[in-house]
Amino acid sequence: MKITATIAAVALMASSVVASPVAEPGHGRGSGRGKGDKWCGKDGKPIQFSSTYSVTATPDQVVNGTELTGGLPGAIGYYDFGINRRLNTICYDIKIYGFRGQYESPADTATHIHEAAKGASGPPRLAFPNPKKTGKGDERRSQGCLQGPFETGVLDTVTGIDTGAGFRVGQIENDPEAFYCDVHSSLAVPGAIRGQLSD
């Protein structure tokens, strides 16, 4: 779901990309990121978002091509994203539960935003650091911000160019239904969990 953020704040400077959340974000297990919640850059100044997204990722949405796989039963993920279109920056707070196996993907990491409509597979456009154990039960979490240019480590089979090359986060805002987030496991290589950004 696309939510226009109403953060009245100074935009993140291009040199201050790595960020941490001010408000405790979450989905299902904690307070949700909503209007007024903020992320701050290394300089401590809040980032102004042009849009935010909260996604629940589940195993039943995972496909290989267009065939449902069932993902990794019992796993679930909560993905919160904030986009600053002008700075080509995306901030993320990813929490996953019930993950088993090892992270496995041909990309640089196993945690992504891919481009494809619901029910179809597509190439990764953004690769996020894999969530790490927090010590709170089986929770794993990854937080921060990425600024373009982006790389995924996956090369297009036709062009030989990285699937993140030339990608701009504004493309997500233009058509969130065309993007999904996921994480891949050695026990569910096509995807452990998945969620469409428009859901």
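**Briefing on a predicted model**

Gln48 is partly exposed, with a relative accessible area of 37%; partly exposed lies between buried, under 20% relative accessible area, and exposed, over 50% (1.4 Å probe, protein chains only). This is a predicted model, in which local features need pLDDT of at least 70 and side-chain atom pairs count only at pLDDT 80 or more, while totals for chains, interfaces and linings use all residues. Residues are numbered from 1 along each chain as its sequence is written, and side-chain values use heavy atoms, with hydrogens and water left out.

**Loop residue**
- Gln48 is found in the loop between β3 (39-41) and β4 (51-57); strands are DSSP runs (E, at least two residues), numbered from the N terminus.
- Gln48 and Arg85 are 37 residues apart along the chain, and their C-alpha atoms are separated by 9.7 Å.

**Cysteines**
- Cys91 and Cys145 form a disulfide (a pair of cysteine sulfur atoms within 2.5 Å), with their sulfur atoms 2.0 Å apart.
- Because Cys91 lies in strand β8 (residues 89-97) and Cys145 in strand β12 (residues 140-147), the pair ties together parts that are 54 residues apart in sequence.
- The torsion about the S-S bond of Cys91 and Cys145 is about 95 degrees, so the disulfide is right-handed.
- Cys91 is buried at 1% relative accessibility, and Cys145 is buried at 7%.
- Cys181 is also buried, at 0% relative accessibility.

Note on methods:
Helices (H or I, at least four residues) and strands (E, at least two) are DSSP runs, numbered from the N terminus.
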